[in-house]
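Here's a quick briefing to read alongside the model. Have the sequence and the 3D view open as you go.

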Amino acid sequence: MKYINANKVLPEKLLLEIQKYVQGETLYIPKQKTEHRKWGSVSGGRELIDDRNATIRNLFISGSSIEQLANEYYLSTETIKKIVYSYKK
C-alpha cells in the first residue's frame with residue numbers, strides 16, 4: 001500500500017473537513033465496492049488453484065489415495081480431504 005499526502009490530492013475544503021476528525025494520522029480510504037475483485041481474479045491464481053483442485057478430485061475418484069495426493073501435490077492430508085470432499089460445480 002502506498003501513501004499519498006492528502007495535500008496533493010484533496011481539495012482544501014475537503015481536507016479541512018477531514019482534519020476535524022483526524023490529524024497527523026494514517027487514514028485508509030477503501031475502494032468502492034464496485035472496485036473490489038475476488039482474490040486471484042486478475043493474476044489468474046484462482047483459476048490455477050481451481051484447475052489443480054479439479055485434477056485432485058478426478059485423481060481421487062480414479063483411485064488415488066489421500067496420502068498419495070498429499071505427497072504428489074505437497075499438501076497436507078487435511079487439505080486434500082477438504083478438496084476431495086467439498087462439492088464444487
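Predicted model: local features only at pLDDT ≥ 70, side-chain atom pairs only at ≥ 80, totals over all residues.

**The largest pocket**
- The largest pocket holds about 700 Å³ of space.
- Its lining is made up of 23 residues, and Ile-4, Ala-6, Leu-27, Tyr-28 and Ile-29 sit closest to the centre.
- Helix 1 (6-9) and helix 2 (12-19) are the elements that give two or more residues to that lining.
- By residue type, the lining splits into 13 nonpolar, 7 polar and 3 charged.

- The partners come from distant parts of the chain, 25 residues apart: Phe-60 belongs to helix 3 (residues 45-61) and Tyr-85 to helix 5 (residues 77-85).
- Phe-60 counts as partly exposed because its relative accessibility is 25%, whereas Tyr-85 is exposed at 59%.

**Helix 5, inside and out**
- Ile-80, Ile-83 and Val-84 are the buried residues of helix 5.
- Looking down the axis of helix 5, you'd find those buried residues within an arc of 90°, so they line one face of the helix.
- In an α-helix there are 3.6 residues a turn, so residues three or four places apart point the same way.
- Helix 3 and helix 4 (66-73) are among what covers the buried residues of helix 5.
- On the face turned away from the buried side, helix 5 carries the exposed residues Lys-82 and Tyr-85.

Note on methods: Residues numbered from 1 in each chain as written. Heavy atoms only, no water. 1 Å grid on protein atoms, 1.4 Å probe; cavity = no way out; pocket = protein on both sides within 12 Å on 5 of 7 lines; lining within 4 Å. Points joined across faces, edges and corners; volume = space filled by probe spheres on them. Helix = DSSP H or I, 4+ residues; strand = E, 2+ residues; numbered from the N terminus. Nonpolar A, V, L, I, M, F, W, Y, C, P; charged D, E, K, R; others polar. Buried < 20%, exposed > 50% of the residue type's maximum accessible area, 1.4 Å probe, protein only. Arc of directions from axis to C-beta. Contact = heavy atoms within 4.5 Å.
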